[in-house]
Amino acid sequence: MKTNFSFDMQALDEGIHSCFPNHKEAPLIGLTGNFSDGNLTLAPGYYQSIIQAGGVPVVIPPYEDVNLLINTLEQLDGLLLTGGGDLNPLFLHEDPIRELHSINPYRDRQELLLTRLAANRQIPILGICRGMQVINAALGGTLYQDIYAQKDTPSIKHSQDLERSFPSHRVELAEGSLLARILNAKEVAVNSFHHQAVKEAAPGFRVSATAPDGVIEAIESTEYKSIIGVQWHPECFILNQDKCMMPLFGWLIREAGSFQKAKKLHERLLILDTHCDTPMFFDQHIRFHARDPKIKVDLHKMTEGRQDATIMVAYLEQKERTDEALLAATAKADRLLNEIEEMVAMNCTAVDIAYSPNDLYRLKQEGKKAIMLGIENGYAIGKDLSRVAHFRKRGVVYMTLCHNGNNDICGSTRYNEENLGVTPFGEQVIQEMNRLGMMVDLSHSGERTFYETLDISSQPVVCSHSSSRALCDHPRNLTDDQLRAIARKGGVVQVCLYSGFLRKERPAHILDAIEHLNHMVNVMGIEHVGIGSDFDGDGGIIGCNDSSEMINLTRQLLHERYNEEDIRRIWGGNFLRVMQQVQENGSYK
């Protein structure tokens, strides 16, 4: 007798939800498996520690298909790199020494690639023993193949004879390190099963624990990334009902949970960066379709950082104001806009030009990235008012009135000794931009220009990439009075991720950007702020250095207790409100 079975998957899923309403909320943690003797194995301490910490463990077999690895990572909220055999030194461009133990060709290539891909996507990572060495090797550090042969003779035994759930020596935790905060200690007792070790920490990492003989026992990111590696085996302690190392797994689950929330927000919200200068690099034969190290904004990085859109500007350095120079400036602006359009056309299956907020939302629904067009420096129109219409018809959504130096429109914050404001021609330009639905951008404008523009413009204005002068006294930043004035007009100011506009005494990091944002929210209100990175125009800070790291800002916003509506406004909602208003009130369609 033949019986047919059919399943209503939707009903099944709803049934699971009714019994376990939060079953999908736990972060999904990928664990690398150990492949040997034809079998994939995983010691129970790894997955038991993840489960007890509140995560859902899944094992990643050692396959090397890049697309499959990327698809796997898309589903994960965290990554645990487990212990195992030695790393093949050939992957670090070194010849093997005699003391090298067994290597595992099934794991090395995949895990090094997996780690780089995960780090590019800002996925939280915990590396254990071999896993710490994989992190370090994958991200540019060096290793000892054998500490006994290549380092000053260690004074303690690093491959203990004790059962794995008992410690054999103590390690000192670096003062002020994340690891010391997690474990709430200055030193901890650890177990030890290794003879390879980190020699020099990878760029962007610090040593956070050392053994008494100086062997590096832990590393962690110095770039506000959720990446930690430890040389010992914390997963073994739970097998002896010892929970002393559970805070480490708790950290991974918390970070993975934060990443999971940020991912879901980026799925629902439109993530717009309002200013980047990538066209400045077009003459360097960039590859926008690839992960090009010469630029901070490309399709790969936008995808990794889950960024939907950016406004690319045709930037014009302020030069002479002769008739010949002005014609050349207009020609250069047209050429740069042409090159943006050509770049997009070459990648038309993945990206398109957007001319309005509705275009942005449509392209997100279609699964495409979006590029909007801007002009940085009204020098592009020279003394010809008709060129405002020319560039608006080309799809330019905003024009920065000036750059570093005065032009025929207005005075700048720099090289403006005569304190020039808006010229009579500049007043006509602002009015024409209002008439045609092009946003007026006051980044780089001097204070006199700023206030005169607010009086002249019938529409809200924007500052596409400016920060707070109260926190960093730079003329390119805005005073609190300026912030309040632009808010009264209904405009927006986008925090710029250029280090010099955020901090003077040291390189700026992501928390400095958040501090500027918080201050501006307090002064202006949440309805008037956003992010304009200035990537590829010297923008980029520790923790948010390119488009792949944009999701880190979202995680910091969540940490600051901004809600979803607030984050929607910050990631372009406020800016697009102004754009929509300006375009609807303009005559250009």
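Student: In the hairpin of S11 and S12, which residue takes a positive phi?

Tutor: This is a predicted model, and S11 and S12 pair in it in the antiparallel sense over five bridges. Threonine 210 stands opposite isoleucine 216 in S12. Five residues lie between the two strands of this hairpin, and the one with a positive phi, near 90 degrees, is glycine 214.

Student: Which residue of S11 is the bridge partner of leucine 173?

Tutor: Strand S8 covers residues 169–173 and is joined to S11 by two bridges. The two strands run antiparallel. Within S11, the partner of leucine 173 is alanine 209.

Student: Which strands stand at the edges of the open sheet of nine strands, and why is one side of each left without a neighbour?

Tutor: The sheet has mixed pairing and the order S4-S1-S5-S6-S13-S12-S11-S8-S9. An edge strand has a single partner strand, so one side of it is left without a neighbour in the sheet. The strands in this position are S4 (56–60) and S9 (187–190).

Student: What is the average twist from one strand to the next in that sheet?

Tutor: The strands follow one another in the order S4-S1-S5-S6-S13-S12-S11-S8-S9. From one strand to the next, the twist averages 25 degrees.

Student: Do strands S1 and S4 run parallel or antiparallel?

Tutor: Strands of a sheet pair through backbone hydrogen bonds, in either sense. Here threonine 32 stands opposite isoleucine 60 in S4. Five bridges join S1 (residues 28–32) to S4, and the direction is parallel.

Student: At about what angle does helix H5 run to S6?

Tutor: Helix H5, residues 130–138, lies across strands S5, S6, S11, S12 and S13. S6 comprises residues 125–128, and the angle of H5 to S6 is about 120 degrees.

Student: Is aspartate 512 buried or exposed?

Tutor: The side chain of aspartate 512 meets that of arginine 503 in a salt bridge, at 2.8 Å from N to O. Aspartate 512 also forms a salt bridge with arginine 506, where the closest N and O atoms are 2.8 Å apart. Arginine 506 counts as partly exposed at 31% relative accessibility. Aspartate 512 has a relative accessibility of 2%, and because the cut-off for buried is under 20%, aspartate 512 counts as buried.

Student: How many residues apart are arginine 335 and glutamate 339 in helix H10?

Tutor: The two side chains meet in a salt bridge, at 3.4 Å from N to O. Arginine 335 is partly exposed, with a relative accessible area of 41%, and glutamate 339 is partly exposed at 23%. Both lie in H10 (residues 323–346), separated by about one turn of the helix, that is, four residues.

Student: How many salt bridges does the structure hold?

Tutor: The pair of arginine 335 and glutamate 339 is one example of a salt bridge, and arginine 503 with aspartate 512 is another. The structure holds 37.

Student: What is the phi of glutamine 122?

Tutor: Most residues other than glycine have a negative phi. Glutamine 122 is found in the loop between helix H4 (105–120) and S6, and is buried, with a relative accessible area of 6%. Its phi has a positive value, near 65 degrees.

Student: Where is aspartate 534 found?

Tutor: Aspartate 534 has a positive phi, near 65 degrees, in a residue other than glycine. At 6% relative accessibility, aspartate 534 counts as buried. Its place is the loop between strand S22 (529–532) and helix H18 (550–559).

Student: Which residue in S21 is the bridge partner of valine 462?

Tutor: Strand S20 (residues 462–463) is joined to S21 by two bridges, and the two strands run parallel. The partner of valine 462 is valine 492.

Student: Which residues form a nonpolar patch on the surface with about 230 Å² of accessible area together?

Tutor: One member lies in helix H17 (residues 510–524), namely leucine 511. Leucine 511 is partly exposed, with a relative accessible area of 34%. The patch consists of Tyr224, Leu511 and Ile542.

Notes:
Residues numbered from 1 in each chain as written. Predicted model: local features only at pLDDT ≥ 70, side-chain atom pairs only at ≥ 80, totals over all residues. Heavy atoms only, no water. Patch = residues over 30% accessible without salt bridge, like charges linked within 9 Å, V, L, I, M, F, W, Y side chains within 5 Å. Areas by Shrake-Rupley, 256 points an atom, 1.4 Å probe, with all protein chains shown as cover. Salt bridge = Lys/Arg side-chain N within 4 Å of Asp/Glu carboxyl O. Buried < 20%, exposed > 50% of the residue type's maximum accessible area, 1.4 Å probe, protein only. Pairing = 2+ DSSP bridges. Axes fitted to C-alpha atoms, helices over the stretch in contact; angles between N-to-C directions. Contact = heavy atoms within 4.5 Å.
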